[in-house]
Amino acid sequence: MLKVNDNFTKLPSSYLFSEIARRVDTFAASHSGEKIIRMGIGDVTRPLCSEAIREMEEAVRHEADAATFRGYGPEQGHLFLREKIVAYDYAARGIDILPDEVFVSDGAKSDTGNIGDIISANCKVAVTDPVYPVYVDTNVMAGRAGEFDSSTGKWSDIEYLSCNDSNSFIPSLPKNHPDIIYLCYPNNPTGTTLTRNQLKEWVDYARANGAVILFDSAYEAYISESDVPHSIYEIEGAKEVAIEFRSFSKTAGFTGVRCGYTVVPHDLKGIDSSGKIVEVNSLWNRRQTTKFNGASYISQRAAEALYSPEGQKQVKETIAYYMTNAAMLRDGLAQAGIECRGGINAPYIWLKTPGGLSSWDFFDIMLKKCHLVGTPGVGFGPSGEGYFRLTAFSSHEATLEAVRRIERLSEL
Ligand code: MLT
(Lines give C-alpha, C1' and ligand atoms only; values in the text may rest on other atoms or scores of the structure.)
Protein backbone atom coordinates (compact mmCIF):
# COMPACT_ATOMS: atom_id res chain seq x y z
CA MET A 1 0.00 0.00 0.00
CA LEU A 2 1.09 3.56 -0.64
CA LYS A 3 3.08 5.05 2.23
CA VAL A 4 1.70 8.57 2.39
CA ASN A 5 3.32 11.79 3.56
CA ASP A 6 2.32 11.83 7.26
CA ASN A 7 2.40 15.61 7.28
CA PHE A 8 -0.75 15.71 5.16
CA THR A 9 -2.59 13.64 7.72
CA LYS A 10 -1.83 16.28 10.36
CA LEU A 11 -3.67 19.00 8.42
CA PRO A 12 -7.27 19.97 9.16
CA SER A 13 -9.41 17.79 6.89
CA SER A 14 -10.26 20.62 4.50
CA TYR A 15 -8.83 23.92 3.36
CA LEU A 16 -10.56 26.94 4.95
CA PHE A 17 -12.38 28.14 1.84
CA SER A 18 -13.47 24.62 0.88
CA GLU A 19 -14.98 24.20 4.36
CA ILE A 20 -16.88 27.48 4.04
CA ALA A 21 -18.18 26.48 0.60
CA ARG A 22 -19.34 23.15 2.05
CA ARG A 23 -21.24 24.83 4.90
CA VAL A 24 -22.83 27.38 2.58
CA ASP A 25 -23.89 24.67 0.11
CA THR A 26 -25.47 22.65 2.93
CA PHE A 27 -27.37 25.74 4.09
CA ALA A 28 -28.44 26.68 0.54
CA ALA A 29 -29.74 23.16 -0.13
CA SER A 30 -32.23 23.43 2.73
CA HIS A 31 -33.21 27.12 2.40
CA SER A 32 -34.78 28.94 -0.46
CA GLY A 33 -35.89 32.55 -0.79
CA GLU A 34 -33.49 35.41 -0.25
CA LYS A 35 -30.41 35.04 -2.42
CA ILE A 36 -27.16 34.29 -0.58
CA ILE A 37 -24.54 37.03 -1.00
CA ARG A 38 -21.05 35.55 -1.02
CA MET A 39 -18.34 37.72 0.50
CA GLY A 40 -16.23 34.85 1.80
CA ILE A 41 -13.43 33.85 -0.54
CA GLY A 42 -11.71 36.82 -2.16
CA ASP A 43 -12.85 36.04 -5.67
CA VAL A 44 -13.46 38.92 -8.05
CA THR A 45 -16.71 39.49 -9.95
CA ARG A 46 -15.96 42.21 -12.52
CA PRO A 47 -15.24 40.97 -16.05
CA LEU A 48 -11.72 41.19 -17.47
CA CYS A 49 -10.92 44.61 -18.87
CA SER A 50 -11.32 45.03 -22.62
CA GLU A 51 -7.57 45.54 -23.19
CA ALA A 52 -6.84 42.10 -21.69
CA ILE A 53 -9.65 40.51 -23.71
CA ARG A 54 -8.40 42.10 -26.94
CA GLU A 55 -4.87 40.82 -26.34
CA MET A 56 -6.11 37.35 -25.38
CA GLU A 57 -8.15 37.13 -28.59
CA GLU A 58 -5.06 38.14 -30.54
CA ALA A 59 -3.04 35.46 -28.70
CA VAL A 60 -5.66 32.85 -29.59
CA ARG A 61 -5.32 33.87 -33.24
CA HIS A 62 -1.53 33.37 -32.91
CA GLU A 63 -2.17 29.87 -31.64
CA ALA A 64 -4.50 29.19 -34.58
CA ASP A 65 -1.84 29.90 -37.20
CA ALA A 66 1.23 27.69 -37.78
CA ALA A 67 3.31 30.78 -38.58
CA THR A 68 2.69 32.41 -35.18
CA PHE A 69 1.87 29.35 -33.06
CA ARG A 70 3.63 29.20 -29.65
CA GLY A 71 4.17 25.96 -27.78
CA TYR A 72 6.20 25.74 -24.61
CA GLY A 73 7.43 29.14 -23.54
CA PRO A 74 10.31 29.88 -21.20
CA GLU A 75 9.51 28.37 -17.79
CA GLN A 76 10.38 31.74 -16.25
CA GLY A 77 7.84 33.57 -18.39
CA HIS A 78 7.96 35.35 -21.73
CA LEU A 79 10.38 38.26 -21.92
CA PHE A 80 7.67 40.55 -23.31
CA LEU A 81 5.90 40.29 -19.94
CA ARG A 82 8.96 40.22 -17.68
CA GLU A 83 10.25 43.40 -19.27
CA LYS A 84 6.92 45.15 -18.69
CA ILE A 85 6.89 44.03 -15.05
CA VAL A 86 10.42 45.34 -14.55
CA ALA A 87 9.63 48.67 -16.20
CA TYR A 88 6.19 49.40 -14.73
CA ASP A 89 6.10 47.65 -11.35
CA TYR A 90 9.72 48.36 -10.36
CA ALA A 91 11.73 50.85 -12.46
CA ALA A 92 8.80 53.28 -12.37
CA ARG A 93 9.13 53.23 -8.55
CA GLY A 94 12.89 53.67 -8.68
CA ILE A 95 13.58 49.97 -8.01
CA ASP A 96 16.23 48.20 -10.00
CA ILE A 97 15.04 44.65 -10.80
CA LEU A 98 16.36 42.58 -13.72
CA PRO A 99 14.12 40.55 -16.01
CA ASP A 100 15.87 37.34 -14.92
CA GLU A 101 14.92 38.10 -11.31
CA VAL A 102 11.24 37.87 -12.32
CA PHE A 103 9.55 34.47 -12.57
CA VAL A 104 6.08 34.51 -14.12
CA SER A 105 3.73 31.85 -12.80
CA ASP A 106 0.08 30.87 -12.54
CA GLY A 107 -0.39 32.92 -9.38
CA ALA A 108 0.83 33.86 -5.94
CA LYS A 109 -0.95 30.99 -4.21
CA SER A 110 1.18 28.45 -6.09
CA ASP A 111 4.40 30.39 -5.61
CA THR A 112 3.96 31.12 -1.89
CA GLY A 113 3.24 27.41 -1.47
CA ASN A 114 5.95 26.09 -3.79
CA ILE A 115 8.74 28.31 -2.48
CA GLY A 116 9.05 25.85 0.42
CA ASP A 117 10.67 23.39 -2.01
CA ILE A 118 13.93 25.35 -1.93
CA ILE A 119 13.96 25.95 1.83
CA SER A 120 15.58 23.55 4.26
CA ALA A 121 13.22 21.33 6.23
CA ASN A 122 15.01 22.62 9.33
CA CYS A 123 14.14 26.28 8.80
CA LYS A 124 12.12 27.92 11.55
CA VAL A 125 9.09 29.80 10.30
CA ALA A 126 7.24 32.84 11.63
CA VAL A 127 3.85 34.06 10.43
CA THR A 128 1.69 36.99 11.37
CA ASP A 129 -1.51 35.82 13.03
CA PRO A 130 -4.17 35.90 11.53
CA VAL A 131 -2.62 34.77 8.25
CA TYR A 132 -3.42 33.52 4.74
CA PRO A 133 -3.71 29.78 5.44
CA VAL A 134 -1.51 28.72 2.51
CA TYR A 135 1.64 29.83 4.34
CA VAL A 136 0.93 27.63 7.35
CA ASP A 137 -0.59 24.65 5.56
CA THR A 138 2.30 24.33 3.09
CA ASN A 139 4.79 24.38 5.95
CA VAL A 140 2.79 21.62 7.63
CA MET A 141 3.00 19.63 4.39
CA ALA A 142 6.77 20.16 4.34
CA GLY A 143 7.20 19.02 7.96
CA ARG A 144 8.33 22.41 9.26
CA ALA A 145 5.31 23.08 11.49
CA GLY A 146 5.66 20.45 14.24
CA GLU A 147 2.49 19.34 15.98
CA PHE A 148 -0.89 21.04 16.17
CA ASP A 149 -2.13 22.01 19.62
CA SER A 150 -5.90 22.24 19.45
CA SER A 151 -6.05 24.11 22.77
CA THR A 152 -4.09 27.04 21.32
CA GLY A 153 -4.87 26.57 17.63
CA LYS A 154 -1.13 26.76 16.94
CA TRP A 155 1.54 24.53 15.41
CA SER A 156 4.38 23.89 17.83
CA ASP A 157 7.27 24.86 15.54
CA ILE A 158 5.73 27.99 14.00
CA GLU A 159 6.15 31.36 15.65
CA TYR A 160 2.88 33.30 15.59
CA LEU A 161 3.16 37.09 15.56
CA SER A 162 -0.17 38.19 16.87
CA CYS A 163 -2.03 41.09 15.26
CA ASN A 164 -5.08 42.40 17.06
CA ASP A 165 -6.69 45.55 18.37
CA SER A 166 -4.25 45.78 21.27
CA ASN A 167 -1.29 46.30 18.91
CA SER A 168 -3.32 48.06 16.20
CA PHE A 169 -2.61 45.05 13.99
CA ILE A 170 1.11 45.85 13.82
CA PRO A 171 3.00 42.63 14.59
CA SER A 172 5.98 42.71 16.95
CA LEU A 173 9.32 41.51 15.64
CA PRO A 174 9.92 37.78 16.26
CA LYS A 175 11.51 36.51 19.46
CA ASN A 176 12.54 33.00 18.39
CA HIS A 177 14.98 33.80 15.57
CA PRO A 178 12.99 32.42 12.62
CA ASP A 179 14.80 31.77 9.34
CA ILE A 180 11.70 32.58 7.31
CA ILE A 181 9.10 35.28 7.97
CA TYR A 182 5.92 35.54 5.92
CA LEU A 183 4.57 39.07 5.56
CA CYS A 184 1.55 40.00 3.46
CA TYR A 185 0.93 43.72 2.98
CA PRO A 186 -1.62 45.13 2.36
CA ASN A 187 -2.69 42.33 4.59
CA ASN A 188 -4.93 39.45 3.82
CA PRO A 189 -7.09 38.95 5.88
CA THR A 190 -7.13 42.14 7.98
CA GLY A 191 -6.75 44.73 5.20
CA THR A 192 -4.21 46.57 7.38
CA THR A 193 -0.87 47.94 6.19
CA LEU A 194 2.66 48.74 7.29
CA THR A 195 4.13 52.15 6.60
CA ARG A 196 7.54 52.46 4.93
CA ASN A 197 9.21 52.99 8.32
CA GLN A 198 7.43 50.02 9.83
CA LEU A 199 8.43 47.76 6.94
CA LYS A 200 12.00 49.04 7.22
CA GLU A 201 12.15 47.65 10.76
CA TRP A 202 11.42 44.20 9.32
CA VAL A 203 14.03 44.49 6.60
CA ASP A 204 16.59 45.71 9.15
CA TYR A 205 15.65 42.85 11.45
CA ALA A 206 16.04 40.29 8.65
CA ARG A 207 19.43 41.72 7.66
CA ALA A 208 20.68 41.72 11.24
CA ASN A 209 19.40 38.22 12.01
CA GLY A 210 20.01 36.28 8.80
CA ALA A 211 16.27 35.83 8.20
CA VAL A 212 14.46 35.91 4.86
CA ILE A 213 11.13 37.69 4.36
CA LEU A 214 8.61 36.11 2.01
CA PHE A 215 6.66 39.21 1.08
CA ASP A 216 3.24 38.72 -0.48
CA SER A 217 2.11 41.95 -2.13
CA ALA A 218 -0.83 40.51 -4.06
CA TYR A 219 -2.97 43.48 -2.98
CA GLU A 220 -0.55 46.33 -3.69
CA ALA A 221 -2.77 47.75 -6.45
CA TYR A 222 -5.35 48.66 -3.77
CA ILE A 223 -3.00 50.99 -1.88
CA SER A 224 -4.39 54.51 -1.67
CA GLU A 225 -2.13 56.03 1.01
CA SER A 226 1.24 57.42 -0.01
CA ASP A 227 3.18 56.15 3.00
CA VAL A 228 2.36 52.51 2.28
CA PRO A 229 5.04 50.74 0.22
CA HIS A 230 3.93 48.85 -2.90
CA SER A 231 7.04 46.68 -2.94
CA ILE A 232 9.37 45.55 -0.18
CA TYR A 233 12.23 46.53 -2.49
CA GLU A 234 11.34 50.17 -1.87
CA ILE A 235 13.23 49.57 1.40
CA GLU A 236 17.00 49.77 1.19
CA GLY A 237 18.74 46.43 1.53
CA ALA A 238 15.56 44.39 0.96
CA LYS A 239 16.97 42.68 -2.13
CA GLU A 240 19.41 40.85 0.16
CA VAL A 241 16.67 39.45 2.38
CA ALA A 242 13.34 39.27 0.57
CA ILE A 243 11.41 37.39 -2.08
CA GLU A 244 8.31 39.20 -3.36
CA PHE A 245 5.13 37.58 -4.67
CA ARG A 246 2.68 39.39 -6.94
CA SER A 247 -0.51 38.40 -8.66
CA PHE A 248 -2.75 39.70 -11.43
CA SER A 249 -5.72 37.97 -9.77
CA LYS A 250 -6.89 40.81 -7.58
CA THR A 251 -5.23 43.53 -9.64
CA ALA A 252 -6.93 42.69 -12.90
CA GLY A 253 -9.50 40.00 -12.22
CA PHE A 254 -7.26 37.09 -13.27
CA THR A 255 -8.56 34.65 -10.63
CA GLY A 256 -9.79 32.45 -13.48
CA VAL A 257 -7.14 33.36 -16.05
CA ARG A 258 -4.22 32.62 -13.68
CA CYS A 259 -1.07 34.70 -13.87
CA GLY A 260 1.28 36.12 -11.26
CA TYR A 261 4.97 36.43 -10.63
CA THR A 262 7.69 36.14 -8.05
CA VAL A 263 10.83 38.25 -7.76
CA VAL A 264 13.96 36.51 -6.50
CA PRO A 265 16.84 39.02 -6.52
CA HIS A 266 20.38 37.86 -7.29
CA ASP A 267 21.50 39.62 -4.09
CA LEU A 268 19.59 37.09 -2.00
CA LYS A 269 21.97 34.34 -0.93
CA GLY A 270 21.42 31.10 0.97
CA ILE A 271 23.72 28.55 2.55
CA ASP A 272 23.66 24.78 2.10
CA SER A 273 24.37 22.24 4.82
CA SER A 274 28.05 22.08 3.82
CA GLY A 275 28.36 25.84 4.34
CA LYS A 276 28.47 26.71 0.66
CA ILE A 277 26.84 30.01 -0.33
CA VAL A 278 24.25 29.67 -3.10
CA GLU A 279 22.12 32.10 -5.09
CA VAL A 280 18.47 31.61 -4.19
CA ASN A 281 17.54 32.82 -7.68
CA SER A 282 19.36 29.80 -9.23
CA LEU A 283 17.58 27.37 -6.94
CA TRP A 284 14.16 28.82 -7.77
CA ASN A 285 15.07 28.76 -11.46
CA ARG A 286 16.04 25.09 -11.10
CA ARG A 287 12.81 24.33 -9.28
CA GLN A 288 10.64 26.09 -11.83
CA THR A 289 12.37 24.64 -14.89
CA THR A 290 11.93 21.14 -13.46
CA LYS A 291 8.39 21.34 -12.11
CA PHE A 292 6.68 24.06 -14.14
CA ASN A 293 6.24 24.67 -17.86
CA GLY A 294 5.34 28.33 -17.57
CA ALA A 295 2.07 30.21 -17.41
CA SER A 296 0.01 29.96 -20.57
CA TYR A 297 0.98 32.18 -23.50
CA ILE A 298 -2.58 33.51 -23.65
CA SER A 299 -2.56 34.55 -19.97
CA GLN A 300 0.82 36.21 -20.32
CA ARG A 301 -0.33 38.20 -23.35
CA ALA A 302 -3.40 39.31 -21.37
CA ALA A 303 -1.16 40.34 -18.47
CA GLU A 304 1.10 42.28 -20.80
CA ALA A 305 -1.90 44.26 -22.04
CA LEU A 306 -2.52 45.56 -18.50
CA TYR A 307 0.60 47.69 -18.81
CA SER A 308 -0.58 49.66 -21.85
CA PRO A 309 -1.88 53.15 -21.01
CA GLU A 310 -5.44 52.01 -21.70
CA GLY A 311 -4.88 48.79 -19.73
CA GLN A 312 -3.59 50.75 -16.71
CA LYS A 313 -6.62 53.02 -16.88
CA GLN A 314 -9.03 50.09 -17.02
CA VAL A 315 -7.32 48.31 -14.13
CA LYS A 316 -7.59 51.45 -12.00
CA GLU A 317 -11.31 51.75 -12.82
CA THR A 318 -11.97 48.20 -11.64
CA ILE A 319 -10.03 48.74 -8.43
CA ALA A 320 -11.91 51.99 -7.79
CA TYR A 321 -15.16 50.04 -8.29
CA TYR A 322 -14.23 47.53 -5.58
CA MET A 323 -12.95 50.24 -3.26
CA THR A 324 -16.32 52.00 -3.53
CA ASN A 325 -17.79 48.74 -2.23
CA ALA A 326 -15.23 48.73 0.57
CA ALA A 327 -16.29 52.23 1.59
CA MET A 328 -19.98 51.19 1.51
CA LEU A 329 -19.22 48.22 3.76
CA ARG A 330 -17.19 50.32 6.19
CA ASP A 331 -20.01 52.88 6.42
CA GLY A 332 -22.69 50.23 6.76
CA LEU A 333 -20.81 48.49 9.55
CA ALA A 334 -20.24 51.77 11.36
CA GLN A 335 -23.99 52.48 11.11
CA ALA A 336 -24.68 49.10 12.65
CA GLY A 337 -22.22 49.90 15.45
CA ILE A 338 -19.70 47.28 14.33
CA GLU A 339 -16.00 48.16 14.50
CA CYS A 340 -13.86 47.34 11.50
CA ARG A 341 -10.45 47.79 9.89
CA GLY A 342 -9.20 47.53 6.33
CA GLY A 343 -11.01 48.63 3.20
CA ILE A 344 -8.75 51.66 2.65
CA ASN A 345 -5.66 50.09 1.09
CA ALA A 346 -7.11 46.62 0.60
CA PRO A 347 -10.31 44.96 -0.61
CA TYR A 348 -10.87 43.25 2.75
CA ILE A 349 -12.88 44.48 5.71
CA TRP A 350 -11.95 42.95 9.05
CA LEU A 351 -14.68 43.39 11.60
CA LYS A 352 -14.96 42.68 15.28
CA THR A 353 -17.86 40.33 15.92
CA PRO A 354 -20.58 42.06 17.93
CA GLY A 355 -21.43 40.95 21.44
CA GLY A 356 -18.19 38.99 21.80
CA LEU A 357 -19.48 36.23 19.51
CA SER A 358 -17.01 33.62 18.30
CA SER A 359 -16.06 33.86 14.63
CA TRP A 360 -17.96 30.69 13.66
CA ASP A 361 -21.07 31.65 15.70
CA PHE A 362 -21.10 34.98 13.89
CA PHE A 363 -20.63 33.15 10.56
CA ASP A 364 -23.76 31.10 11.33
CA ILE A 365 -25.75 34.18 12.33
CA MET A 366 -24.70 36.06 9.21
CA LEU A 367 -25.67 33.10 7.05
CA LYS A 368 -29.00 32.40 8.74
CA LYS A 369 -30.14 35.93 9.52
CA CYS A 370 -28.66 37.88 6.63
CA HIS A 371 -27.97 35.16 4.02
CA LEU A 372 -24.54 36.73 3.86
CA VAL A 373 -21.29 34.74 3.69
CA GLY A 374 -18.01 35.98 5.10
CA THR A 375 -14.93 34.26 6.46
CA PRO A 376 -14.60 33.50 10.19
CA GLY A 377 -11.47 35.23 11.44
CA VAL A 378 -10.37 32.22 13.47
CA GLY A 379 -9.99 30.30 10.19
CA PHE A 380 -6.93 32.48 9.58
CA GLY A 381 -5.33 31.68 12.94
CA PRO A 382 -5.99 31.89 16.67
CA SER A 383 -5.67 35.69 16.83
CA GLY A 384 -8.52 35.89 14.32
CA GLU A 385 -10.99 34.58 16.91
CA GLY A 386 -13.73 37.13 17.48
CA TYR A 387 -13.20 38.69 14.05
CA PHE A 388 -14.78 38.17 10.65
CA ARG A 389 -13.71 39.07 7.10
CA LEU A 390 -15.88 40.50 4.32
CA THR A 391 -14.63 41.10 0.80
CA ALA A 392 -15.35 44.13 -1.36
CA PHE A 393 -15.35 42.04 -4.55
CA SER A 394 -19.12 41.89 -5.10
CA SER A 395 -21.18 44.12 -7.37
CA HIS A 396 -22.34 47.52 -6.07
CA GLU A 397 -25.89 46.17 -5.96
CA ALA A 398 -24.95 43.11 -3.90
CA THR A 399 -22.82 45.24 -1.58
CA LEU A 400 -25.67 47.68 -1.03
CA GLU A 401 -27.99 44.79 -0.31
CA ALA A 402 -25.43 43.29 2.09
CA VAL A 403 -25.27 46.61 3.95
CA ARG A 404 -29.08 46.61 4.22
CA ARG A 405 -29.03 43.11 5.64
CA ILE A 406 -26.25 43.99 8.10
CA GLU A 407 -28.74 46.41 9.72
CA ARG A 408 -30.53 43.28 10.97
CA LEU A 409 -27.59 42.71 13.26
CA SER A 410 -28.34 45.77 15.38
CA GLU A 411 -30.54 43.53 17.56
CA LEU A 412 -27.52 41.42 18.57
C1 MLT B 1 -8.75 34.84 -0.01
O2 MLT B 1 -9.97 34.85 0.01
O3 MLT B 1 -8.06 34.96 1.00
C4 MLT B 1 -8.08 34.69 -1.33
O5 MLT B 1 -8.99 34.67 -2.36
C6 MLT B 1 -7.36 33.47 -1.37
C7 MLT B 1 -6.45 33.41 -2.53
O8 MLT B 1 -6.09 34.41 -3.14
O9 MLT B 1 -6.05 32.28 -2.80
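I started with the sheet: 4 strands form an open sheet in the order β13-β14-β17-β16, with antiparallel pairing. Two strands count as paired if DSSP finds at least two bridges between them. Helices (H or I, at least four residues) and strands (E, at least two) are DSSP runs, numbered from the N terminus. I noted β13 (340–342) and β16 (375–376) as the edge strands, each pairing on one side only.

This is a predicted model, in which local features need pLDDT of at least 70 and side-chain atom pairs pLDDT 80 or more, while totals for chains, interfaces and linings use all residues. Residues are numbered from 1 along each chain as its sequence is written, and side-chain values use heavy atoms, without hydrogens and water.

Next I checked β13 against β14 (residues 348–352): 3 bridges join these antiparallel strands. Arg341 has Trp350 in β14 as its bridge partner. I then found helix α12 (residues 359–370) packed on the sheet, touching β14, β16 and β17 (387–391). Contact means heavy atoms within 4.5 Å. The direction of α12 makes about 45 degrees with that of β17. Axes are lines fitted to C-alpha atoms, for helices over the stretch in contact; angles run from 0 to 180 degrees between N-to-C directions.

Which helix did I pair with α12? I took α2 (residues 16–30): the two axes come within 11 Å and cross at roughly 40 degrees. α2 and α12 are therefore oblique to each other (under 35 degrees is roughly parallel, over 145 roughly antiparallel, 65 to 115 roughly perpendicular, the rest oblique). I listed the contact residues, including Leu16, Ile20 and Phe27 of α2 and Trp360, Phe363 and Leu367 of α12.
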